[in-house]
Amino acid sequence: MKTCVNACLGQLIVSCQAYEDTPLYGAENMKRMVQSAMLGGAKVVRCCWPQDIRAARSLSPDLIIIGINKVMPQVGDSLDDVFITPTFEKAREVVEAGADLLALDARITKKRGKSELLELLHQIREAFPNIGVMADCAAYEECQICAQSGAVDILSTTLSGLVKPIEGPDTELVRQLKADFTLPVNAEGRIWELKDIDAVVEAGADMITIGTAITRPHLITERFLNHYLQLQDHAE
Ligand SMILES: CC(=O)N[C@H](C=O)[C@@H](O)[C@H](O)[C@H](O)COP(=O)(O)O
């Protein structure tokens, strides 16, 4: 197993991402977010875009960085457009920015077939043999294709829930992946409660990634506020 993949085992990975329409957008802000996660004990972070990855890397050579390169949806795009590190060029930018691992959208959609996914995975493996590759999947079948490709190091539940909404983490997918494949599994997506960690650990997750519940203050605020407002509604 690659050293960078081994370093992720048993870790709580903090995803530090801010979109352009939020106040925390920008590499300097994300650097502080990563620094805060490190202060809390995180040894692995997930960062988006080359400038954020470079900013995170400047904090420490020892920090393990999972880099992604999102292409934000344009008018007319649909869920069939893969958006997390969708091309080889986007992957190269992540590697050149100093990431140890790269994660990419491993979905099979109407616009991106199995053969194109496999071609991309093999191209990445050949060009960057030392980089760990995490497959951000939505469904079991995609994980299966990635596992059989021999060009992926970690299977991740990142995009489960994107197509068919579910509540909480996809513990069932984690359980199935652990039962059928030998690759490490990252439980990512909708982990908000301590009991969610219990559930994915019980299902066998080798690592956990938390984003929004730690690093998106506007959504954290909204969640608490909605709960409070609901109580007021019921009291009326
Ligand atoms: C679906 C999608 O675009 N997921 C993105 C992947 O990079 C991020 O926006 C998520 O924050 C990340 O996966 C962590 O998940 P959560 O924020 O639920 O803890």
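**View 1. Strands S1 and S2 pair in the parallel sense, joined by 3 bridges.** The model shown in this and the other views is predicted. Within this pair, Val14 stands opposite Val45 in S2. S1, H2 and S2 together make a β-α-β unit, and the unit is right-handed.

**View 2. On strand S8 (residues 207-210), S1 is joined by 3 bridges, and the two strands run parallel.** S1 is mostly covered, with 4 of its 5 residues buried.

**View 3. The 8 strands form a closed barrel with parallel pairing.** The order around the barrel is S1-S2-S3-S4-S5-S6-S7-S8. From one strand to the next, the twist averages 25°. Helix H3 (residues 50-57) touches strand S2 (44-48) and strand S3 (64-68). The direction of H3 makes about 150° with that of S2. Helix H4 (residues 88-96) touches S3 and strand S4 (101-105). The direction of H4 makes about 155° with that of S4.

**View 4. Strand S5 (residues 132-136) pairs with strand S6 (residues 154-156) in the parallel sense.** The pairing runs over 3 bridges. Met134 stands opposite Ile154 in S6.

**View 5. Helix H6 (residues 140-149) has three buried residues: Glu142, Cys143 and Cys146.** They lie on the same side of H6, because they cover an arc of only 100° around the axis. An α-helix has 3.6 residues a turn, so residues three or four places apart point the same way. The buried residues of H6 pack against S5, S6 and helix H7 (171-180). The face of H6 turned away from the buried side carries Glu141 and Gln148, which are exposed. Just after H6 comes Gly150, with a positive phi of about 70°.

**View 6. Pro23 lies in the loop between strand S1 (12-16) and helix H2 (27-39).** Pro23 counts as exposed because it has 9 C-beta neighbours inside 10 Å, and the cut-off for an exposed residue is 12 or fewer. Glu93 is included for distance: the C-alpha atoms of Pro23 and Glu93 are separated by 25 Å. Along the chain these two residues are 70 residues apart.

**View 7. The whole chain, shown for orientation, has 10 helices and 8 strands.** Its radius of gyration is 17 Å, close to the 18 Å that the globule rule gives for 236 residues, so the chain is as compact as a globular protein of that length. The C-alpha trace spans about 60 × 40 × 40 Å along its principal axes. Of the 236 residues, 42% count as buried. Among contacts between residues at least 6 apart in sequence, 57% join residues at least 24 apart.

Methods. Residues numbered from 1 in each chain as written. Predicted model: local features only at pLDDT ≥ 70, side-chain atom pairs only at ≥ 80, totals over all residues. Buried ≥ 20, exposed ≤ 12 C-beta atoms within 10 Å, placed from the backbone. Pairing = 2+ DSSP bridges. Axes fitted to C-alpha atoms, helices over the stretch in contact; angles between N-to-C directions. Contact = placed C-beta atoms within 7 Å. Right-handed = clockwise from strand over helix to strand, strands pointing away. Rg over C-alpha atoms; globule rule 2.2 N^0.38 Å. Arc of directions from axis to C-beta.
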